[in-house]
Amino acid sequence: MTLKTCLAHALFAAGAVLAGTVSAQTLTDVERRIVPVAQWGGTPADAALARKHEITRITLHHQGEPFPLGKDPVQYLRNLQTWSRTTKRWLDIPYHYIIDLDGNIYEGRKIEYAGDTNTEYNPTGHALIEVVGNFEEVQPNQKQLDATVDLMALLAAKHKVSIDTIAGHKDHSASTVCPGANLYHYLQHGYFRQKVALRLAAEQ
């Protein structure tokens with residue numbers, strides 16, 4: 001039995017044991033709980049201006065600004081969409097999904113449209129996740145971490161993307177510290193890949 005096969009069996013067994021602790025929800029449930037653009041008061045992007053792409057990797061970002069307790073995530077999203085379109089002249093919010101302090105997942109730009117960035121890398125093919133907050137200054141909370149795992153697992157399963165592609169913005173750009181040291185820690189030390197692997201195994 002190869003090492004790869006052994007690992008697969010181990011992950012499946014661990015997933016079966018830990019399914020209740022990883023998440024009580026199925027990935028279908030995760031997808032259903034994503035708040036669509038229309039529900040948070042956004043407007044659809046102009047499809048004629050979009051760059052279509054296929055997802056080949058998953059890339060994590062942070063907001064890069066403080067997000068205090070009590071701040072309204074819906075108003076934040078509306079402001080972000082307006083800023084993205086009027087100031088940056090982008091198609092839409094640059095990220096496909098945004099995760100708030102309570103672990104709620106919001107739809108941003110449609111996943112079939114390539115994202116945008118202020119840095120030099122090409123985000124075509126990237127599923128872009130933003131977690132609110134500045135993780136150079138604060139720690140992500142457990143709700144945010146759990147939602148990130150759920151969303152990464154959903155994206156990996158739905159788009160048939162290897163968990164080896166899970167990375168941070170700074171892994172693709174030398175001009176940023178995004179997603180911030182305190183969130184990047186969970187990428188650097190394998191937390192997200194391990195948790196996503198368990199999440200996917202528990203789904204089988």
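Among contacts in this chain between residues at least 6 apart in sequence, 76% join residues at least 24 apart, where a contact means heavy atoms within 4.5 Å. The model is predicted, so local features need pLDDT of at least 70 and side-chain atom pairs count only at pLDDT 80 or more, while totals for chains, interfaces and linings use all residues. Residues are numbered from 1 along each chain as its sequence is written, and side-chain values use heavy atoms, with hydrogens and water left out. Here is a friendly tour, topic by topic.

**The overall layout**

- The chain has seven helices and five strands; these are DSSP runs (helices are H or I with at least four residues, strands are E with at least two), numbered from the N terminus.

- Of the chain's 204 residues, 49% count as buried, a label for under 20% relative accessible area, with exposed meaning over 50% and partly exposed in between (1.4 Å probe, protein chains only).
- The accessible surface of the chain is about 10,300 Å², and 53% of that belongs to carbon and sulfur atoms; such areas come from the Shrake-Rupley method with a 1.4 Å probe, and for residues only the protein chains shown count as cover.

- A search of the whole structure turns up nine salt bridges, each being a side-chain nitrogen of Lys or Arg within 4 Å of a carboxyl oxygen of Asp or Glu.
- One of them pairs E31 with K158, whose closest N and O atoms are 2.3 Å apart.
- Because E31 sits in helix α2 (residues 27–33) and K158 in helix α5 (residues 142–159), this pair ties together parts that are 127 residues apart in sequence.
- E31 itself is partly exposed, at a relative accessible area of 35%.
- Another salt bridge joins D102 and K143, with 4.0 Å between the closest N and O atoms.
- D102 lies in the loop between β2 (97–99) and β3 (105–107) while K143 belongs to helix α5, so the pair links parts that are 41 residues apart in sequence.

- R199 is buried at 2% relative accessibility, whereas E203 is partly exposed with a relative accessible area of 34%.
- R199 and E203 also belong to a network of salt bridges that links them with R33 and D150.
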